[in-house]
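Have the coordinates open and follow along.

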Amino acid sequence: MHQLQQRSLDLRNHIPDELHTLRDLVQEVDKVVSQVIRTVIAAGKTPIVIGGGHNNAYPVMKGTYQGLGKRPVAVVNIDPHADIRELEGRHSGNGFSYAIADGYLEKYFPIGLHQNYNNTYTWKTLNGDAGLFRYLTAEDMLFGNISTADTVKQVSKFFKGLPVGIEVDMDSIRFTESSARTPVGLSDGKVRKLLHLLASGKNIVYLNLSEGIPSPEGQTGKLQAYLVADFIRARSL
């Protein structure tokens, strides 16, 4: 991984040839991550992935699919962005698009989407296939007074017994050091409760905490530690 990172340092994404190389490097990351996840899943364990960009959602889903004997998964993603952008080369904004195209992702339910920060393509895609997608925006939850318990019930009903992966983009938690830090989002308590209730369900196969940036005070790592503990606690009940 370090070698891949070093190869990317001098590449500029505004130059087409170098952008293409960057996206090729992401595909190399995909191969490494998916192999690790496949091994963990095949051993009957539950991987907990901490750190990295949300580009890793794709290889985590791929490795889970392979480790489960080529069984597609359902994924709930607590995230202000749906990450189902165009298939234009691999990056952090289209991991779920590629997973759908390659048959690894059967149902997808993003929670906490920001209406102001998802493009027209994303909304058209989400609203184009009710069998594949459900979602709740942050505005739905705020102004519609949708409770955490009701949110989890909607997810469980939609997934209907499929193996479930849980994604938490740290961008979803307001004022958290992350790739897209925001003052507008879900509280840490809200996300902890959502994660705990989701993880208490059946057929949970992985947890992926992405996009966190270490803060000088160590608060991002501490928050992630609480989220991991909440997940493990829920799985132990």
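Glu 88 is partly exposed at a relative accessible area of 36%, where partly exposed means between the 20% under which a residue is buried and the 50% over which it is exposed (1.4 Å probe, protein chains only). Its salt-bridge partner is Arg 85, with N to O at 4.0 Å; a salt bridge here is a side-chain nitrogen of Lys or Arg within 4 Å of a carboxyl oxygen of Asp or Glu. Arg 85 is also partly exposed, with a relative accessible area of 37%.

Before going further, a word on the source: this is a predicted model, in which local features need pLDDT of at least 70 and side-chain atom pairs count only at pLDDT 80 or more, while totals for chains, interfaces and linings use all residues. Residues are numbered from 1 along each chain as its sequence is written, and side-chain values use heavy atoms, with hydrogens and water left out.

**Salt bridges**

How many salt bridges does a search of the whole structure find? The count is five. Among them are these:

| Pair | N to O distance |
|---|---|
| Glu 88 and Arg 85 | 4.0 Å |
| Arg 90 and Asp 30 | 2.8 Å |
| Asp 230 and Arg 192 | 2.6 Å |

Take the pair of Arg 90 and Asp 30, whose side chains meet in a salt bridge. Arg 90 sits in the loop between strand S2 (73-78) and helix H4 (95-101), and Asp 30 in helix H2 (residues 16-42), so the pair ties together parts that are 60 residues apart in sequence. Helices (H or I, at least four residues) and strands (E, at least two) are DSSP runs, numbered from the N terminus. Arg 90 counts as buried, at 2% relative accessibility, and Asp 30 is buried too, with a relative accessible area of 6%.

Next comes the salt bridge between Asp 230 and Arg 192. This pair links distant parts of the chain, with Asp 230 in helix H9 (residues 219-236) and Arg 192 in helix H8, 38 residues apart.

H8 (residues 188-199) has 12 residues and should span 16 Å at 1.5 Å a residue; its end C-alpha atoms are 16 Å apart, which agrees. That expected span is 1.5 Å times one less than the number of residues. The buried residues of H8 are Val 191, Leu 194, Leu 195, Leu 198 and Ala 199. They cover an arc of only 120 degrees around the axis, which puts them on the same side of H8. (The arc is that of the directions from the helix axis to the C-beta atoms.)

H9 has 18 residues and reaches 26 Å from first C-alpha to last, close to the 26 Å expected. Its buried residues are Thr 220, Leu 223, Gln 224, Leu 227, Val 228, Asp 230, Phe 231 and Ala 234. Down the axis of H9 they fall within an arc of 155 degrees, so they line one face of the helix. What covers them includes S1, S5, H8 and S6.

Ala 199, in H8, counts as buried at 0% relative accessibility. Setting aside neighbours within four places in sequence, Ala 199 is in contact (heavy atoms within 4.5 Å) with Ile 166, Ile 204, Phe 231, Ala 234 and Arg 235. The C-alpha atoms of Ala 199 and Ala 234 are 5.7 Å apart, though 35 residues separate them along the chain.

**The strands around S6**

Strand S6 (residues 204-210) is mostly covered, with seven of its seven residues buried. Strand S5 (residues 164-169) pairs with S6 in the parallel sense over six bridges, pairing requiring at least two DSSP bridges between the strands. Val 164 has Ile 204 of S6 as its bridge partner. S6 also runs parallel to strand S1 (residues 48-50), joined by three bridges, and Ile 48 stands opposite Leu 207 of S6.

Which handedness does the unit of S5, H8 and S6 have? This β-α-β unit is right-handed: with the strands pointing away from the viewer, the path from the first strand over the helix to the second runs clockwise.
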